[in-house]
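Please keep the sequence and the model at hand while reading.

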Amino acid sequence: MHVHKYERWWLTFGVAMLIVFLGVIVFAAIADNINPPTGMTQIDPTKVAQTPPFDKPGLRKLPDGSYEAYYVAQVFSFAPASVTIPIGSKVTFFVTSPDVVHGFFIPDTDINMMAVPGWVNTDSHTFTRAGEYLLICHEYCGIGHQNMFAKIEVR
Ligand code: CUA
């Protein structure tokens with residue numbers, strides 16, 4: 001089979017670009033520690049309301065001054081609906097769902113997760129700017145999806 005010279009250049013360029021893109025992804029994952037949220041913790045989705053700490057969703061202060069926030073996402077609300085966090089705090093979010101897949105997205109931060117029945121997802125963020133943040137569901141989850149949000153007050 002004869003491959004034209006220009007065709008060969010173009011194929012080489014395409015393959016080289018794929019290798020460059022793959023390299024960028026691997027570099028970002030390792031050097032910048034950019035990874036998908038990987039809270040590989042399982043939970044019985046039928047017993048979320050009885051399983052600590054999700055039986056009492058909310059904010060917990062840790063001895064080092066950081067916070068853990070436990071959220072239950074369900075049709076069509078988040079628990080807790082509102083939390084207040086001191087400015088500068090690092091918050092680690094834990095989220096699960098007892099019913100269907102929901103989104104867990106806080107605009108203006110890097111928090112962007114899914115709440116998946118049977119799994120606990122986790123990610124953390126340091127809130128350096130005061131103000132009211134919105135936590136929204138960005139996975140279509142049913143007829144009340146657009147009303148599914150919570151508030152995070154930073155001050
Ligand atoms: Cu929950 Cu959309």
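This is a predicted model: local features need pLDDT of at least 70, side-chain atom pairs count only at pLDDT 80 or more; totals for chains, interfaces and linings use all residues.

1. Secondary structure. The chain holds 1 helix and 11 strands. Followed along the sequence, these elements come in the order α-β-β-β-β-β-β-β-β-β-β-β.

2. Overall form. With a radius of gyration of 21 Å, the chain lies well over the 15 Å that the globule rule gives for 155 residues, so it is more spread out than a compact globule. The C-alpha trace spans about 70 × 35 × 25 Å along its principal axes. Buried residues make up 32% of the 155 residues of the chain.

3. Division into domains. Domain 1 covers residues 1–35, and domain 2 covers residues 41–154. Taken over C-alpha atoms, the centres of domain 1 and domain 2 are separated by 37 Å.

4. Contacts along the sequence. Among contacts in the chain with a separation of 6 or more, 58% are between residues 24 or more positions apart. Several of the residue pairs discussed below illustrate links between distant parts of the chain, including F78 with F104, which are 26 residues apart.

5. Strand β3 and its surroundings. Is strand β3 enclosed or open to the outside? Of the 8 residues of β3 (residues 67–74), 7 are buried, so the strand is largely enclosed by the rest of the structure. The next two points describe the strands with which β3 pairs.

6. Antiparallel partners of β3. Strand β2 (residues 58–61) runs antiparallel to β3 and is joined to it by 4 bridges; within this pairing, R60 has E68 of β3 as its bridge partner. The two strands form a hairpin with 5 residues between them, and G65 in the turn has a positive phi of about 95 degrees. Strand β4 (residues 77–79) also pairs with β3 in the antiparallel sense, over 3 bridges. Here the bridge partner of Q74 is S77 in β4, and the hairpin formed by β3 and β4 has 2 residues between the strands.

7. Parallel partner of β3. Strand β6 (residues 90–96) pairs with β3 in the parallel sense, over 6 bridges. In this arrangement Y70 stands opposite F94 of β6.

8. Aromatic pairs. The count of aromatic pairs comes to 10. One of them joins F78 and F104, whose rings are 5.9 Å apart centre to centre with 85 degrees between the planes, an edge-to-face arrangement. F78 belongs to strand β4 and F104 to strand β7 (residues 102–105), so this pair links distant parts of the chain, 26 residues apart. Both partners are buried: F78 has a relative accessible area of 3%, and F104 has 0% relative accessibility.

9. Because F93 lies in strand β6 and F127 in the loop between β9 (119–126) and β10 (131–136), the pair ties together parts that are 34 residues apart in sequence. F93 is buried at 0% relative accessibility, and F127 is likewise buried, with a relative accessible area of 0%.

10. Residue H102. This histidine is found in strand β7 and is buried, with a relative accessible area of 0%. Leaving aside residues up to four places away in sequence, H102 touches A73, Q74, V75, S97, M114, A115, C137, E139, C141 and M148. The C-alpha atom of H102 is separated by 18 Å from that of I152, which is 50 residues apart along the chain.

11. Cysteines. How many disulfides does a search of the whole structure find? The search finds 0 disulfides. Two of the residues that H102 touches are C137 and C141. C137 counts as buried at 6% relative accessibility, and C141 counts as buried at 11%.

Conventions:
Residues are numbered from 1 along each chain as its sequence is written. Side-chain values use heavy atoms; hydrogens and water are left out. Buried means under 20% relative accessible area, exposed over 50%, partly exposed in between (1.4 Å probe, protein chains only). Two strands pair if DSSP finds at least two bridges between them. A disulfide is a pair of cysteine sulfur atoms within 2.5 Å. Domain bounds come from an automatic or database domain assignment. Rings of Phe, Tyr and Trp (its six-membered ring) pair if their centres lie within 6.5 Å; planes under 30 degrees apart count as stacked, over 60 as edge-to-face and the rest as tilted. The radius of gyration is taken over C-alpha atoms; the globule rule is 2.2 Å times the number of residues to the power 0.38. Contact means heavy atoms within 4.5 Å.
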